[in-house]
Amino acid sequence: MYHKTLDDFPKEFLWGAASAAYQVEGAWDADGKGPSVWDQFSKIPNKTFEGTNGDVAVDHYHRYKEDVALMKKMGLKAYRFSVAWSRVIPDGDGQVNQAGLAFYANLIDELISNGIEPVLTLYHWDLPLALQERYGGWESRKTINAFLKYCDILFTAFKDKVKYWVTFNEQNVFTTLGYRLEAHPPGVRDLKRMYEANHIVNLANAKAIALFHQMVPNGLIGPSFGYGPMYPLTANPTDVLAAENGEALNNSWWLDVYCKGQYPKVIFKQLKALGLAPTLEEGDDEILKLGKPDFVGINYYHGGTAKVNGFEDTEEAVATDKDSNVTDPYLMQNNRSEEASPEKVMFAVVDNPYLEKTDWGWEIDPAGFRVALRRIYDRYDLPVFVTENGLGAIDELTADGEIHDDYRIQYLEKHLLEMKKAITDGVEVIGYCAWSFTDLLSWLNGYKKRYGFVYVNRDEYSEKDLARIPKDSFYWYQTVIETNGSDIN
């Protein structure tokens, strides 16, 4: 869609940045905080790069005033952060730790006094360890009740100060990495268990949103989903159908539950045939319908490209794997070993020949950002809040103490242009929170992979002085905010 001129960003557009508690706070056992699953998992040998963990991270817990002062200097309109559940309730569902709650009260007050809108994420992957050990975490419905107690405490404490809330961050990511790929806690490799745990999280999300609408009538709440559009490799209808299958499995499976209150019927049928569909108890359908969000949070980094699966293109699959001894297309599909993997019969993932990649192999696709915004808005008729978008890179501190990250500026500028085009198309976008404000601990990649506008002087081997140093991108984004994106064209 061509536009001779682009619309301005909305006058009250929330130019922001984001973080997550475990990745920035540190103070992992300070002031009564209980351990989270990440406090345990990150200390298992070979689970993280060079054994990094969040014991100190970038020490935001003790330096939040310094960080907020930098946010004010940048002109930030919004800051998205998460609350560490085990800092507020050390064992997940027992007594409130008033010191932990006070930290977030102080952070919120500091943000508001500096003209920054707090955007509070209830859950960003750091489940209290006690709930994992006592109930089995998200595989037990008892965890739903504990989560609702936690939500009630935060809603009560901050309902008059926080307008924007996020329930779960990237449910599709933490359930997949935690229960399917064994890469995040609880370190499980069982596809059936993944779909069962995912259903319980869906119920928790719906109940939390329903509770929020009762307790915080003037607030807005929604999940934050890791969305990537699926493309067909070619115009061959079989590839187009494969991309439709990929879109349905990778995106609609979660988003339909969030926004329509029900599982998509086609995918549910396929999962049932494979013995993977979640167990729905009596009343679950009604619960899911209670949780319609006020907006859809989108974390956008890249999408995917699909071609016809191996069953329906056996000759090509055999030719591709002719040097291996595997002749069963079911096993060849995507080089997966899971016997019941739904992808194997639905689509094959391939590299997009038109896209470059980051140093970590993630495709760079600014136009896909516009596609994502359009698809979400058209399908669900809800405002979109971009809760993450950014570039992980190896940033070098120069001898004169500067960080010249033109590559990040170029990446973000191209994505902001596509977002502006989507707004001109007609998409309602509330705001944009770049990932991330400061450098932070990557869950699995330590401090080698940096995202921040602000460099934090530490690495995997030493905390050094944890000095905050604005990068070139800091000053670029400062101008973007000051001009409300008027120069993005």
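The largest pocket of this predicted model is lined by 47 residues, and those lying nearest its centre are Asn172, Val173, Leu177, His302 and Trp362. Two or more lining residues come from each of helix H8 (171-179), helix H9 (191-215), helix H10 (237-260), strand S8 (304-307) and strand S9 (348-350). The volume of this pocket is about 1,600 Å³. Sorted by class, its lining has 20 nonpolar, 18 polar and nine charged residues.

**Confidence**

How far can the coordinates be trusted? The average pLDDT of the protein is 94, and 94% of the residues score at least 70. Residues 317-337 are a stretch to treat with care: pLDDT stays under 50 there, and the model has 38 contacts for this stretch beyond four places in sequence. Where pLDDT is low, predicted coordinates should not be read in detail.

Seven of its nine residues are buried, so H8 is largely enclosed by the rest of the structure. The buried ones are Gln171, Asn172, Phe174, Thr175, Thr176, Gly178 and Tyr179. What do the buried residues of H8 pack against? Their partners are strand S3 (117-123), helix H6 (129-135), strand S4 (164-169), H9, strand S5 (220-226) and H10.

Five cavities of 30 Å³ or more turn up in a search of the whole structure, and the largest cavity holds about 100 Å³ of space. Around that cavity stand Val37, Trp38, Tyr123, Trp125, Leu127, Gln132, Trp138, Phe174, Tyr179, His184, Pro185 and Pro186. Helix H2 (37-41) and H8 are the elements that give two or more residues to this lining. By class, the cavity lining has ten nonpolar, two polar and no charged residues.

In soluble globular proteins, nonpolar side chains tend to be buried together. Here, the largest nonpolar core has 152 residues, and Trp138, Phe147, Met419 and Tyr432 have the most contacts inside it. H9 supplies the largest share of this core, with 14 residues.

Which residues does Met419 touch, not counting residues up to four places away in sequence? They are Phe9, Phe13, Trp15, Phe369, Leu373, Val386, Val429 and Tyr432.

Leu412 is placed in helix H17 (residues 406-425). Is Leu412 buried or exposed? With a relative accessibility of 3%, Leu412 counts as buried, because buried means under 20%. Leaving aside neighbours within four places in sequence, Leu412 is in contact with Asn389, Gly390, Tyr432, Phe453 and Trp476. Pro366 is 46 residues from Leu412 in sequence, yet the C-alpha to C-alpha distance between them is 8.7 Å.

Not counting residues up to four places away in sequence, Thr424 touches His3, Thr5, Leu6 and Asp7.

**Backbone geometry worth checking**

Most residues other than glycine have a negative phi, and most peptide bonds are trans. The table gathers the exceptions described here.

| Site | Feature | Value |
|---|---|---|
| Pro185 and Pro186 | cis peptide bond | omega about 10° |
| Trp435 and Ser436 | cis peptide bond | omega about 10° |
| Asn46 | positive phi | phi near 70° |
| Glu182 | positive phi | phi near 65° |

Where do these sites fall? Pro186 is in the loop between H8 and H9, and Glu182 lies in the loop between H8 and H9 as well. Ser436 is in the loop between strand S11 (429-435) and strand S12 (454-456), while Asn46 lies in the loop between H2 and helix H3 (60-74).

Asn46 and Glu182 can also be placed by their accessibility. Asn46 has a relative accessible area of 80%, so Asn46 is exposed. Glu182, at 32% relative accessibility, counts as partly exposed.

Methods:
Residues numbered from 1 in each chain as written. Heavy atoms only, no water. 1 Å grid on protein atoms, 1.4 Å probe; cavity = no way out; pocket = protein on both sides within 12 Å on 5 of 7 lines; lining within 4 Å. Points joined across faces, edges and corners; volume = space filled by probe spheres on them. Helix = DSSP H or I, 4+ residues; strand = E, 2+ residues; numbered from the N terminus. Nonpolar A, V, L, I, M, F, W, Y, C, P; charged D, E, K, R; others polar. pLDDT = per-residue confidence, 0-100. Contact = heavy atoms within 4.5 Å. Core = buried A, V, L, I, M, F, W, Y, C linked by side-chain atoms within 4.5 Å. Buried < 20%, exposed > 50% of the residue type's maximum accessible area, 1.4 Å probe, protein only.
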